[in-house]
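Reader: I'm new to this and I'd like to learn how to read a structure. Could you walk me through a few features?

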Amino acid sequence: MSGYSLFRTALLAKCFPTHLKTGLCSNNVVHRIPVCGYAKKVAAKGKGKGMMKEDVKGPEVCKDTERLTTHAVGVNIFKQGEDPKLKSPEEYPEWLYQIKLGPVTNLHDREPDSWEYWKRLRKESILRHNRLHKGKKL
């Protein structure tokens, strides 16, 4: 804004010596007013100063023990349809029961010559590097 006013006064100063009879030579100078052309904000429905916020409700918790033992509750991601029924343990693949679901083992608990050791070492060094450089500006 200040640069614009300096430019305008310089143009007006040029006009004074050449056109003394006309006073301000406003017809030769183009006056432009800077205007922000931002889009108009649309007011959202239900949101205002006097309106109460609606609480976000999570999914309903199933408490039926029979349904919990026969169906995989919460697996269906579609709006329509039902949760799939559980099959007998013999129908599932063997690798499904070999997945480790416990906490991650520490680095010093692993063998140094294993692939998992070096993968975990790399991950911990990346996390340490990120923690040290967090908040530092270039």
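Author: Searching the whole structure turns up 1 aromatic pair. The partners are Tyr117 and Trp118, edge-to-face, with 5.2 Å centre to centre and 85 degrees between the planes. Two rings of Phe, Tyr or Trp (its six-membered ring) pair if their centres lie within 6.5 Å; planes under 30 degrees apart are stacked, over 60 edge-to-face, and the rest tilted.

Author: Some ground rules: this is a predicted model, where local features need pLDDT of at least 70, side-chain atom pairs count only at pLDDT 80 or more, and totals for chains, interfaces and linings use all residues. Residues are numbered from 1 along each chain as its sequence is written, and side-chain values use heavy atoms, with hydrogens and water left out.

Reader: Is Tyr117 buried or exposed?

Author: Tyr117 is buried, at a relative accessible area of 17%. Buried means under 20% relative accessible area, exposed over 50%, and partly exposed in between (1.4 Å probe, protein chains only). The backbone nitrogen of Tyr117 also lies 3.3 Å from a polar atom of the Ser114 side chain. Ser114 is buried too, with 19% relative accessibility.

Reader: How many salt bridges are there?

Author: Here's the idea: side chains of opposite charge can pair when their charged atoms come close. The rule asks for a side-chain nitrogen of Lys or Arg within 4 Å of a carboxyl oxygen of Asp or Glu, and the count comes to 2. In one, Arg67 pairs with Asp83, the closest N and O atoms being 3.7 Å apart. Arg67 lies in helix α2 (residues 65-70) and Asp83 in the loop between α2 and α3 (115-132), so this pair ties together parts 16 residues apart in sequence. Helices are DSSP runs (H or I, at least four residues), numbered from the N terminus. Arg67 is partly exposed at 27%, while Asp83 is buried at 15%.

Reader: Which residue does Glu124 form a salt bridge with?

Author: Arg120, with the closest N and O atoms 3.2 Å apart. Glu124 and Arg120 are 4 residues apart in helix α3, so about one helical turn separates them. Glu124 is partly exposed at 29%, and so is Arg120 at 23%.

Reader: Which residues line the largest pocket?

Author: Among them are Lys100, Pro103, Trp115, Arg120 and Lys123. A pocket is an open set of points on a 1 Å grid over the protein atoms alone where a 1.4 Å probe fits, with protein on both sides within 12 Å along at least five of seven lines; lining residues have an atom within 4 Å of a point.

How values were computed
Helices (H or I, at least four residues) and strands (E, at least two) are DSSP runs, numbered from the N terminus. A polar contact is a pair of N or O atoms within 3.5 Å; within protein, one must be able to donate a hydrogen and the other to accept it, and residues adjacent in sequence count only if both atoms are side-chain atoms.
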